Amino acid sequence: SLGARVLKVEATDPQGKPAHWFKQSVIVRDGHSQIKLPIAWTEKQGQWHVTATDLFTNQTTRTAVEVK
């Protein structure tokens with residue numbers, strides 16, 4: 001069992017600027033969790049990045065999301 005972890009999740013827009021409206025802490029149980037990234041119709045198109053940092057280990061992972 002992996003137990004529970006807490007992740008800090010943040011997003012940046014295609015220009016690399018932080019999306020200040022999207023910062024959340026997420027509890028991950030047994031290695032699984034879901035988040036919603038509420039992108040408005042008026043947001044910038046392009047490649048956004050979502051970064052998750054484990055608050056216990058400080059390990060970070062990053063993924064890209066294409067907004068069209």
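Me: Okay, and where does the model come from?

Reply: This is a predicted model, where local features need pLDDT of at least 70, side-chain atom pairs count only at pLDDT 80 or more, and totals for chains, interfaces and linings use all residues. Residues are numbered from 1 along each chain as its sequence is written, and side-chain values use heavy atoms, with hydrogens and water left out.

Me: How many helices and strands are in the protein chain?

Reply: Zero helices and four strands. Reading along the sequence, you get the pattern β-β-β-β.

Me: Which way do strand 3 and strand 4 run, and how many bridges join them?

Reply: They run antiparallel, with eight bridges joining them.

Me: Is Asn 58 buried or exposed?

Reply: Exposed, because its relative accessible area is 61%. The cut-offs are under 20% for buried, over 50% for exposed and partly exposed in between, using a 1.4 Å probe and protein chains only.

Me: What about strand 1, how many bridges join it to strand 2?

Reply: Eight, and those two strands also run antiparallel. Val 6 has Ile 27 in strand 2 as its bridge partner, and Thr 12 has Pro 18. Their hairpin has five residues between the strands, and Gly 16 there takes a positive phi near 85 degrees.

Me: And how many bridges join strand 1 to strand 3?

Reply: Six, again with the strands antiparallel. Thr 12 stands opposite His 49 in strand 3, while Val 9 has Ala 52 as its bridge partner there.

Me: Why do you call strand 3 largely enclosed?

Reply: Seven of its nine residues are buried, so strand 3 is largely enclosed by the rest of the structure.

Me: Where's the core, then?

Reply: First, the term: a nonpolar core is a set of buried Ala, Val, Leu, Ile, Met, Phe, Trp, Tyr and Cys residues joined through side-chain atoms within 4.5 Å. The largest one has 11 residues, including Leu 7, Val 9, Ala 11, Phe 22, Trp 48 and Val 67. Two or more residues come from each of strand 1 (4-12), strand 2 (18-29) and strand 3 (46-54). Strand 2 gives the most, with four residues.

Me: Let's zoom in on Val 9. Buried or exposed?

Reply: Val 9 is buried, because its relative accessible area is 3%. Val 9 belongs to strand 1. Leaving aside neighbours within four places in sequence, Val 9 is in contact with residues including Phe 22, Val 26, Ile 35, Val 50 and Ala 52. Contact here means heavy atoms within 4.5 Å.

Me: And what does Ala 11 touch?

Reply: With neighbours within four places in sequence left aside, Ala 11 is in contact with Lys 17, Pro 18, Ala 19, Phe 22, Leu 37, His 49 and Val 50.

Me: Switching topic, where does Asp 30 lie?

Reply: In the loop between strand 2 and strand 3. Asp 30 isn't a glycine, yet its phi is positive, near 55 degrees. Asp 30 counts as partly exposed because its relative accessibility is 42%.

Me: Last one, what about the whole chain?

Reply: The C-alpha atoms fill a box of roughly 40 × 20 × 20 Å, taken along the principal axes. Of the 68 residues, 24% count as buried. Among contacts between residues at least 6 apart in sequence, 42% join residues at least 24 apart.

Terms used: Pairing = 2+ DSSP bridges.
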